[in-house]
Amino acid sequence: MTKKINWRNPEEAKEYYASWRLQNPEKVRAYNRKHYLENKAKIIARSKKYHESHGEKTKEWSKRYREKNREARRRYVETHREEITVYGKEYSRQHYLTVGGKRFRVNKRIYYGVCEMHGGLIEKRPRWHHWNNEHLEWGLWLCYWCHNAVEASEQKGIVIPLYSKLKELIESS
Ligand SMILES: [Zn+2]
């Protein structure tokens with residue numbers, strides 16, 4: 001690493017720059033970004049001219065690029081499967097609701113891991129309890145037990161004061 005570089009030797013200089021780039025990817029990225037922004041119009045014009053004169057070849061290249069990318073994308077999905085599914089699960093929990101076998105997009109309130117009835121942490125799957133099919137966004141994040149309780153109260157016509165209060169609050173907000 002302490003090897004003295006002979007700057008007059010283009011091969012040595014090239015090697016030095018290449019290894020520097022490898023070790024400083026953020027700096028390279030920032031530089032490229034800055035350079036691009038400063039020369040955007042010129043770069044676009046040049047690339048347009050190039051594409052015009054190399055039509056078929058560039059088509060072939062972009063095809064190859066897509067194929068390569070597909071492969072990279074597939075590899076990414078394979079190695080990040082867990083994060084992707086966790087994210088996907090959280091996303092669909094926050095934005096989707098299945099009612100009567102049909103999936104609807106709903107903007108639910110953010111789920112913080114707490115049951116909105118009894119206030120305790122939800123250890124397993126939270127339930128988005130809704131009471132009006134015209135307003136799927138009116139709902140409560142409930143634990144298994146509180147969900148059972150409010151479902152039963154709805155069915156049997158038993159009033160749970162806290163539940164009534166929360167419903168009122170949500171419908172008027
Ligand atoms: Zn609860």
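Biologist: Let's begin with His80: where is its place among the helices?

Modeller: His80 is in the loop between helix H4 (55-79) and helix H5 (81-95). Bear in mind that this is a predicted model.

Biologist: How do you know whether the span of H7 agrees with its number of residues?

Modeller: Helix H7 covers residues 161-172, twelve residues in all. The rule takes 1.5 Å times one less than the number of residues, so H7 should span 16 Å. Its end C-alpha atoms are 17 Å apart, which agrees.

Biologist: What makes you say that H7 is hardly covered?

Modeller: A residue needs 20 or more other C-beta atoms within 10 Å to be called buried. Among the twelve residues of H7, the count of buried residues is one.

Biologist: How does the radius of gyration of the chain stand against that of a compact globule?

Modeller: A compact globule of 173 residues would come out near 16 Å, but the chain has 29 Å. Along the principal axes, the C-alpha atoms fill a box of roughly 90 × 45 × 30 Å. The domain assignment gives domain 1 (1-38) and domain 2 (107-172), and their centres, taken over C-alpha atoms, are separated by 59 Å.

Biologist: Why are E1 and E2 called paired strands?

Modeller: Pairing takes at least two bridges. Strand E1 (residues 96-99) and strand E2 (residues 102-105) have four bridges, in the antiparallel sense, so they pass that cut-off. Val99 stands opposite Lys102 in E2. The two strands form a hairpin with two residues between them, and Gly100 in the turn has a positive phi of about 55°.

Biologist: Finally, which parts have the highest and the lowest confidence?

Modeller: Strand E3 (residues 127-130) is highest, at a mean pLDDT of 96, and helix H1 (residues 10-23) is lowest, at 75. The chain averages 86, with 98% of the residues scoring at least 70.

Technical notes: Residues are numbered from 1 along each chain as its sequence is written. This is a predicted model: local features need pLDDT of at least 70, side-chain atom pairs count only at pLDDT 80 or more; totals for chains, interfaces and linings use all residues. pLDDT is the predictor's confidence in each residue, from 0 to 100. Domain bounds come from an automatic or database domain assignment. The radius of gyration is taken over C-alpha atoms; the globule rule is 2.2 Å times the number of residues to the power 0.38.
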